[in-house]
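This report describes a protein chain through its local contacts, its annotated regions and its overall form. Please consult the sequence and the structure shown here while reading.

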Amino acid sequence: MTQTNTSPSLTRTFVDTVTYRPGAVILYPGKSDMLYRVASGLVRVHTMDDDGNGLTLRYVKPGEYFGEEALAGVNRAYFAEAVTDSTVDVINPALMTAEDNLVVTTHLVKTLERAYESIYRLVGKRLRARIAGELLELKDTALATQLDSGETMIYATHDELAAAVGSVRETVTKVVGELSREGVISAGYGKITLKDEKALAHIAAA
């Protein structure tokens, strides 16, 4: 799992460390005054469109931050929700040192790069490629587990995939079925096994 380097002095800026169960909402839209760092687990940052459909903006892995708008004193426009059992460090921006700010700035640059990649995938890729790319990204999160066969199984529903790739469940289910029939993945209730990651990467790049 990819880790983001953190400053040792950040441990002195923690206000609290909180553990959340899957599905617990950590943040709601509104005033923001604290910065958050995922210590373990996985956090989903998401919003809703005018029709009430969920849209995943990004996943936050261990060592990564969310709630960055607190650094600029602007309001938050999204929800943050624990996807798995998660431990989150609450950080007071007012106590951060110059070294801490550099660590967080580096994180923001990497997050922006990932956002550009996600936007390109949403507007420039077919749904089949978007789903393949999302599955490969989820492979390196707490939603994934290694099977005895060496294959990776991801715990994700079609609704969750739809929210991540900007589609609806019915259409995602159709594409997942196609990929299953081709032997690239196998799908069960709430879980998807990556059978041929090389083929999946080829589809994601198409």
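Apart from residues within four places in sequence, Asp196 makes contact with Gly183 and Val184, where contact means heavy atoms within 4.5 Å. Asp196 belongs to the loop between strand E12 (191–194) and helix H5 (197–205); helices (H or I, at least four residues) and strands (E, at least two) are DSSP runs, numbered from the N terminus. With a relative accessible area of 33%, Asp196 is partly exposed. On this scale buried means under 20% relative accessible area, exposed means over 50%, and partly exposed lies in between, for a 1.4 Å probe and protein chains only.

Glu182 is found in the loop between helix H4 (169–181) and strand E11 (185–188). Glu182 is partly exposed as well, given its relative accessible area of 44%. Between Glu182 and Asp196 there are 14 residues along the chain, and their C-alpha atoms are separated by 9.8 Å. Asp196 and Leu95, by contrast, are 101 residues apart in sequence and 47 Å apart in space, C-alpha to C-alpha.

## Basis of the model

The model is predicted: local features need pLDDT of at least 70 and side-chain atom pairs count only at pLDDT 80 or more, whereas totals for chains, interfaces and linings use all residues. Residues are numbered from 1 along each chain as its sequence is written, and side-chain values use heavy atoms, with hydrogens and water left out.

## Annotated regions

UniProt, in an unreviewed entry, places the feature "domain: Cyclic nucleotide-binding" at residues 25–90. UniProt positions are given in the numbering used here, feature names are shortened, and annotations may be inferred rather than shown by experiment. Over residues 25–90 the chain is 0% helix and 50% strand, with the end C-alpha atoms 15 Å apart.

The unreviewed UniProt entry also places "domain: HTH crp-type" at residues 125–198. Here, over residues 125–198, the chain is 47% helix and 19% strand, and 18 Å separates the end C-alpha atoms.

Is Gly63 buried or exposed? Gly63 counts as buried because its relative accessibility is 0%. Gly63 sits in the loop between strand E5 (54–60) and strand E6 (65–66). From Gly63 to Ser180 the separation is 117 residues in sequence and 33 Å in space, C-alpha to C-alpha.

Leu108 is part of helix H1 (residues 98–124). A relative accessible area of 33% makes Leu108 partly exposed. Residues up to four places away in sequence aside, Leu108 touches Glu68 and Leu71. Leu108 and Leu122 are 14 residues apart in sequence, and the distance between their C-alpha atoms is 21 Å.

## The chain as a whole

The secondary structure of the chain comprises five helices and twelve strands. A compact globule of 206 residues would have a radius of gyration near 17 Å, and the chain, at 18 Å, agrees with this. The radius is taken over C-alpha atoms, and the globule rule is 2.2 Å times the number of residues to the power 0.38. The C-alpha trace spans about 55 × 40 × 30 Å along its principal axes.

Of the 206 residues in the chain, 43% are buried. Among contacts with a separation of 6 or more, 71% join residues 24 or more positions apart. The chain has an accessible surface of about 10800 Å², 52% of which belongs to carbon and sulfur atoms.

Note on methods. Areas by Shrake-Rupley, 256 points an atom, 1.4 Å probe, with all protein chains shown as cover.
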